[in-house]
Each structure stands twice: as C-alpha cells, then as structure tokens.
Amino acid sequence: MSEYVERALPDVGSLRAALDALGYLADDGLVTALFLALRLPQPLLLEGEAGVGKTEAAKSVAAILGGPLIRLQCYDGLDAAEALYEWNHPRQLLGIRLAEARHEQIGEDDLFSEAYLLRRPVLAALSHPGPAPAVLLIDEIDRADDDFEAFLLEVLAEAAVTIPELGTVRATVPPVVLLTSNRTRDLHDALKRRCLYHWIDYPETERLIEIVRRRVPGTSRELAVAVAAAVGRLRALELQKPPGIAETIDWISALRLLGVDVLDAQIAGSTLGSLLKYREDQESVRERGPDWLVAGRRP
C-alpha cells in the first residue's frame with residue numbers, strides 16, 4: 001500500500017481511534033481485519049447478517065482515508081460491462097458524423113480510445129490517481145452469479161483489468177477493496193482465497209447500547225438499555241429478518257422523534273415498523289401480548 005496509508009494509519013490503535021471518532025464501534029477482530037486489508041494490502045470479505053454494519057465499515061474507511069467511496073451494488077444478472085466500462089456509443093456516432101462533415105478519416109483506434117470510455121465502478125476505482133486510495137465496495141457479492149465472481153478474480157489478485165480495445169489497465173494507486181455478503185449463497189473458493197475474511201456478528205448488549213447512543217445523540221441510557229433488551233428478545237425468535245444494528249438505530253431515531261424517553265408496550269407496538277420489516281415477524285411479536293417486547297427492559 002502507498003506511503004499515504006502507512007502515514008495515516010501506522011498501527012491498529014490509530015485505526016481503532018479513527019473509527020471511534022466517526023462513531024463506528026468495532027471489536028478487535030474487525031479492526032485488525034480492516035488494518036490488514038489496508039496495509040498488506042489485500043481485499044477483505046465481510047460476511048454477516050444484514051444490518052450488522054458491513055457497508056458502514058467501508059464508508060468509515062473511506063472517510064478516514066479521505067478518498068472516494070465507489071460502490072458497486074451487486075444483483076442477479078450483473079455483468080462485467082456494467083461493473084467495468086462501456087463505450088459511449090452516442091458520442092462515437094457524433095464523432096463519426098463530425099469527421100464526415102469535415103471530410104476527415106476516423107479509424108477504429110480513434111473511436112475506441114479513452115475519450116469515448118465510460119468508467120463504471122471497478123474501472124473508476126482502478127483509475128483513481130490518489131494520493132488517497134479509492135475504497136471499492138463490492139456490496140452483496142452473494143447476489144451476483146458465478147460468472148461475475150470469475151470476472152473479479154483478476155481485479156482482486158492484481159488490481160488490474162483487461163480491456164480488449166485498450167489492453168491491461170493496472171492501478172497506479174491500488175484501491176482498498178471491501179466485499180460484503182449476507183451469505184444467501186456460498187461463494188467460490190477461488191474468490192475467498194484472494195481475500196482476507198471476517199464475520200461480523202450481532203454486537204453484545206453493552207456494545208449495542210454504546211453504538212446507538214453514539215449514532216443517535218441525546219438518547220438516554222435508560223431508553224438505550226430498554227431498546228437493546230427488546231432487540232435481544234427479538235433475535236431469540238425465529239424471525240424472517242431479525243433486527244440488526246441499522247434497524248435498531250432506526251427504531252431509536254423514531255422513538256426520539258416522538259419524544260419517547262421511557263419505552264412502554266403501547267409505543268413499542270406502534271413503532272414496530274421501524275424495527276421489523278415483515279408482517280409475519282410483527283404478528284409473531286403481537287401474538288405474545290403487548291407487554292412481551294418490553295418485559296426484558298432494565299431501568
């Protein structure tokens with residue numbers, strides 16, 4: 001990695017302090033994994049349930065380094081062209097017409113040059129000049145298909161891609177590459193071999209309390225404790241989508257907006273939509289009675 005990153009983050013402690021200053025509270029394992037990804041450098045695959053802070057980790061790293069966050073959202077059917085580059089066909093046609101009007105010759109090399117290239121996220125990250133590296137977030141890689149995983153291997157291993165018309169494009173300042181997965185399917189060993197790996201689990205109760213109080217300033221400890229206890233009870237159920245950190249922060253934000261300082265059964269029931277996003281999950285909670293969700297709170 002560049003001297004820029006080495007100066008910015010000389011050790012694990014400096015990264016922990018920088019994350020903490022941004023309000024992103026990470027455990028020792030995650031901080032160490034991020035540090036190694038930055039300094040080795042090596043791509044980092046972050047797995048975990050939705051809403052535990054995988055994407056937020058990439059945003060925090062980009063904020064610390066001062067480089068751009070370039071996000072590639074994966075989905076079924078995503079192909080290399082959408083991730084890497086496309087040719088600006090309307091501009092190419094315009095170039096042809098202008099050349100004809102001027103009675104000039106325009107060749108294939110002229111049309112397939114940098115001037116007509118549209119950089120998509122992967123190529124944009126590789127082309128970033130620095131000095132701070134770009135952070136390339138390949139979000140929810142498990143939603144893409146096997147062919148797209150295969151395309152990524154060259155990028156992950158060599159920070160380079162091959163464009164048939166232009167040749168190999170190699171990063172001058174290699175990007176920090178973070179991949180996230182909700183583990184809806186298993187990823188191939190070839191991709192995993194090229195990455196460091198870390199599983200982000202749901203935080204323990206005390207850490208969750210600290211996180212929500214950092215992210216929603218003004219939240220009383222009493223309310224944070226009550227919310228954390230309720231979320232813990234929900235995670236013990238077999239829900240379609242247990243609440244993660246993101247949903248917990250949404251719930252606290254909604255409660256604060258409503259002026260709630262003490263969580264009770266009525267307000268918990270009326271704000272469930274901030275926390276549970278499936279009707280079946282909400283019904284499962286309501287079947288347990290109005291007081292069940294707040295029964296575990298501690299003053």
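The model is a predicted one, in which local features need pLDDT of at least 70 and side-chain atom pairs count only at pLDDT 80 or more, while totals for chains, interfaces and linings use all residues. Residues are numbered from 1 along each chain as its sequence is written, and side-chain values use heavy atoms, with hydrogens and water left out.

The pockets come first. A pocket is an open set of points on a 1 Å grid over the protein atoms alone, where a 1.4 Å probe fits and protein lies on both sides within 12 Å along at least five of seven lines, and its lining residues have an atom within 4 Å of a point. A volume is the space filled by probe spheres set on the points, which are joined across faces, edges and corners. The largest pocket has a volume of about 630 Å³, and among its 32 lining residues Gly51, Val52, Gly53, Lys54 and Ile245 lie nearest its centre. At least two lining residues each come from helix H4 (54-65), strand E2 (69-73), strand E9 (196-199), H11 and H13, where helices (H or I, at least four residues) and strands (E, at least two) are DSSP runs numbered from the N terminus. The second largest pocket holds about 190 Å³ of space, and its lining includes Gly48, Glu49, Arg143, Lys241 and Tyr278.

The nonpolar cores form the next part of the picture. In soluble globular proteins, nonpolar side chains tend to be buried together. A nonpolar core is here a set of buried Ala, Val, Leu, Ile, Met, Phe, Trp, Tyr and Cys residues joined through side-chain atoms within 4.5 Å, and buried means under 20% relative accessible area, exposed over 50%, and partly exposed in between, with a 1.4 Å probe and protein chains only. In the largest core, which has 34 residues, Val227, Leu234, Trp251, Leu255, Leu263 and Leu293 touch the most other members. Two or more residues of this core are given by each of helix H11 (205-215), helix H12 (221-235), helix H13 (245-257) and helix H14 (265-270), and the largest share, nine residues, comes from H12.

Some backbone details remain. Most residues other than glycine have a negative phi, and most peptide bonds are trans. The peptide bond from leucine 40 to proline 41, however, is cis, with omega near -20°, and proline 41 is found in the loop between helix H3 (28-39) and strand E1 (44-47). Alanine 159, in the loop between helix H9 (146-158) and E6, has a positive phi near 50° and counts as buried at 15% relative accessibility. Arginine 183, in the loop between strand E8 (176-181) and helix H10 (189-193), has a positive phi near 60° and is partly exposed, with a relative accessible area of 44%.
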